[in-house]
Amino acid sequence: MSNPRASAEMLPPTMMSQQMLATMGSTLASFMFIWAIIRQYCPYELRRFLERYSHRVTGYFYPYIKISIHEFTGDRLKRSEAYSAVEAYLSSNTSKSAKRLKAEMVKDSSNLVLSMDEYERVTDDFRGAKVWWVLSKSQEKRFYKLTFHKKYRDIITADYLNHVVNEGKEIRVRNRQRKLYTNSPGYKWPSYKQTMWSHIVFEHPATFETMALDPEKKKEIIEDLVTFSKSKDFYARIGKAWKRGYLLYGPPGTGKSTMIAAMANLLGYDIYDLELTAVKDNTELRKLLIETTSKSIIVIEDIDCSLDLTGQRKKRGAAEKGFSEEEVTLSGLLNFIDGLWSACGGERVVVFTTNYVEKLDPALIRRGRMDKHIELSYCTFDGFRVLAKNYLRIESHEMFEEIEKLMGVTKMTPADVAENLMPKSPNDNPEKCLLNFIQALEEAMEEGAKKKDEEIKEHQIKRFEPSKFHPTVKKLSQFLEFHLIRKERNHLHLLRLNINQTLSRR
Ligand SMILES: Nc1ncnc2c1ncn2[C@@H]1O[C@H](COP(=O)(O)OP(=O)(O)OP(=O)(O)O)[C@@H](O)[C@H]1O
Ligand SMILES: [Mg+2]
């Protein structure tokens with residue numbers, strides 16, 4: 001008879017592992033059996049003790065730490081912020097390594113979001129520490145489980161988790177569907193969240209690239225915005241609220257509203273379009289501003305029209321009549337904006353636009369409130385080139401020389417240039433559009449010259465109004481006026497006689 005040891009030694013490796021598995025299986029089965037008996041017959045206290053003890057024993061030999069992040073915690077109605085952040089982080093960082101992914105259209109997200117599927121395991125590396133993430137499910141509740149070696153406990157709990165949550169939040173903000181909020185009066189859908197803003201999805205195609213603007217100026221504005229959006233720590237260090245104010249001014253059709261859309265697209269911010277004329281009073285204004293979220297641009301268009309800029313005087317007048325709090329005042333606006341900016345942590349950009357910068361109260365636009373004043377003006381030749389590229393897809397043409405000459409002596413807003421370059425029928429080719437544009441430029445030039453003539457005349461007439469005439473000239477003109485009238489009277493009389501004679505001869 002062969003002894004079992006020798007036979008085991010002679011067995012091929014596969015057979016050997018099969019035998020080992022079988023032994024392990026039977027040991028496990030026996031253990032489960034014993035455990036079931038213990039569970040059934042042991043008193044509760046003893047069971048708890050055994051469980052705790054076994055955990056401690058495994059903890060001693062098992063060098064890994066596990067952290068779970070549940071989808072719903074406590075109040076089950078609300079999804080955990082940490083879970084959503086981890087989900088966003090993992091979907092962007094592991095979608096390349098995970099083999100089973102699920103694609104979903106998430107609420108408030110602008111595109112399809114890929115995330116790891118249930119029970120899929122992915123690894124991540126953080127400063128040399130290796131971690132594993134698994135998406136698990138227990139009793140229909142999903143949770144992420146993070147596993148790492150206990151020697152990395154400090155680095156993971158102190159830094160890695162923060163890094164995951166912060167990056168996840170940023171990814172969520174980047175991927176979210178952006179919104180355009182307005183406070184215009186009109187019907188509002190009844191909602192359980194009584195908010196004062198109504199919103200639509202913001203999908204404006206404007207970008208700085210497609211804007212007709214002096215290239216230097218464009219670069220400066222983009223750099224200013226990007227620097228601002230990345231300066232959280234800087235603002236915190238200097239003890240200043242994280243805000244920046246822009247004043248955009250210039251004639252109608254020079255791209256003020258377009259630039260606001262381009263700013264929002266560059267930074268990925270929402271827009272709050274504040275219609276001041278629809279705001280009842282300072283209290284309502286305060287509520288509206290408090291409801292704005294971070295990463296947003298608060299816009300007040302045509303600030304000169306929407307607010308009585310002689311606010312101070314009016315307020316005094318109103319106070320005399322006893323209703324000083326009844327309306328939105330300049331000082332109210334300034335106080336609330338300053339107050340809001342200093343009270344809220346998140347970044348905010350505030351933009352005012354106007355056609356008449358000279359009408360604005362200096363208090364409204366002083367540096368610190370409106371940090372950057374940007375003038376948008378008539379279209380330059382560089383601006384035209386951007387528009388020609390956008391509208392006609394051409395970067396150069398023999399007609400450009402003529403256009404450059406004409407643009408040097410003609411004022412045309414980018415909105416008019418854009419309109420003239422726009423093909424008007426499916427058969428319009430770039431040449432036709434450029435010819436149309438040249439024609440429009442020539443007309444604008446003629447019109448400009450005519451207008452200038454009229455202005456000169458008007459100016460002269462104004463300068464020589466009768467009260468300013470020399471006394472001799474005054475007398476002379478009175479004399480002439482009298483005689484001219486008398487001459488006319490004589491003419492009329494002669495005419496009457498003539499007609500009378502002709503008629504009586506018949
Ligand atoms: N600088 C520009 N670059 C590209 N397109 C422009 C520019 N300025 C104006 N446009 C075009 O003209 C249209 C009108 O411009 P926009 O509404 O931005 O002007 P605005 O300065 O806000 O005028 P208003 O003072 O009347 O509000 C836009 O839809 C855009 O297509
Ligand atoms: Mg506008």
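1. Is Arg 393 buried or exposed? Arg 393 is exposed, because 8 other C-beta atoms lie within 10 Å. The scale runs as follows: buried means 20 or more other C-beta atoms within 10 Å of a residue's own, exposed means 12 or fewer, and partly exposed is in between, with C-beta atoms placed from the backbone. Arg 393 sits in the loop between helix H14 (381-392) and helix H15 (400-409). Its phi is positive, near 60 degrees, and the residue is other than glycine.

2. Some ground rules. This is a predicted model, where local features need pLDDT of at least 70 and side-chain atom pairs count only at pLDDT 80 or more, while totals for chains, interfaces and linings use all residues. Residues are numbered from 1 along each chain as its sequence is written, and chains are lettered from A and ligands numbered from 1 in the order in which they are written.

3. The overall make-up. The protein has 18 helices and 13 strands. Helices (H or I, at least four residues) and strands (E, at least two) are DSSP runs, numbered from the N terminus. Of the 506 residues, 21% are buried. Take the contacts between residues at least 6 apart in sequence: 71% join residues at least 24 apart. A contact here means two C-beta atoms, placed from the backbone, within 7 Å.

4. The ligand site. Ligand 1 is surrounded by 14 residues, and the closest are Pro 252, Gly 255, Ser 257, Pro 414 and Ala 415. A residue counts as near if its C-beta atom, placed from the backbone, lies within 6 Å of the molecule. Helix H8 (256-267) and helix H16 (414-421) are the elements that give two or more residues to this shell. Ligand 1 lies between domain 3 (180-375) and domain 4 (381-463), because both give residues to its shell. Those bounds come from an automatic or database domain assignment.

5. Seven residues are nonpolar, six polar and one charged. Nonpolar covers Ala, Val, Leu, Ile, Met, Phe, Trp, Tyr, Cys and Pro; charged covers Asp, Glu, Lys and Arg; the others, Gly among them, are polar.

6. The seven-stranded sheet. This open sheet has mixed pairing and the order E8-E7-E10-E11-E12-E9-E13. Strand E8 (198-201) and strand E13 (372-375) are at the edges; each has a single partner strand, so one side of each lacks a neighbour in the sheet. On average, neighbouring strands are turned by 20 degrees against each other, direction ignored. Pairing requires at least two bridges found by DSSP.

7. Inside that sheet. Strand E9 (residues 243-249) pairs with E13 in the parallel sense, over four bridges. Leu 248 has Ile 374 of E13 as its bridge partner. H8 lies across E9, strand E10 (270-273), E11 and strand E12 (348-354), and runs at about 170 degrees to E11. Axes are lines fitted to C-alpha atoms, for helices over the stretch in contact; angles run from 0 to 180 degrees between N-to-C directions.

8. The four-stranded sheet. This one is also open, with antiparallel pairing and the order E1-E6-E5-E4. Its edges are strand E1 (64-70) and strand E4 (121-126); each has a single partner strand, so one side of each is without a neighbour in the sheet. Neighbouring strands are turned by 25 degrees against each other on average, direction ignored. Helix H5 (residues 153-175) packs on the sheet and touches E1, E4, E5 and strand E6 (141-149); its direction makes about 65 degrees with that of E5.

9. E4 and strand E5 (residues 129-138) are antiparallel, over six bridges. Val 122 has Trp 133 in E5 as bridge partner, and Thr 123 stands opposite Trp 132 in E5. This hairpin has two residues between the strands, and Arg 127 takes a positive phi near 45 degrees there. E5 and E6 run antiparallel, joined by eight bridges. Ser 138 has Lys 141 in E6 as bridge partner. Two residues separate the strands of this hairpin too, and Gln 139 takes a positive phi near 50 degrees.

10. Lys 295 is not a glycine, yet has a positive phi of about 55 degrees. Its loop runs between helix H9 (282-290) and strand E11 (296-300). Lys 295 is partly exposed, with 18 other C-beta atoms within 10 Å. Ile 222, in helix H6 (residues 215-229), is partly exposed because it has 15 C-beta neighbours inside 10 Å. Beyond its neighbours within four places in sequence, Ile 222 is in contact with Phe 208 and Leu 266.
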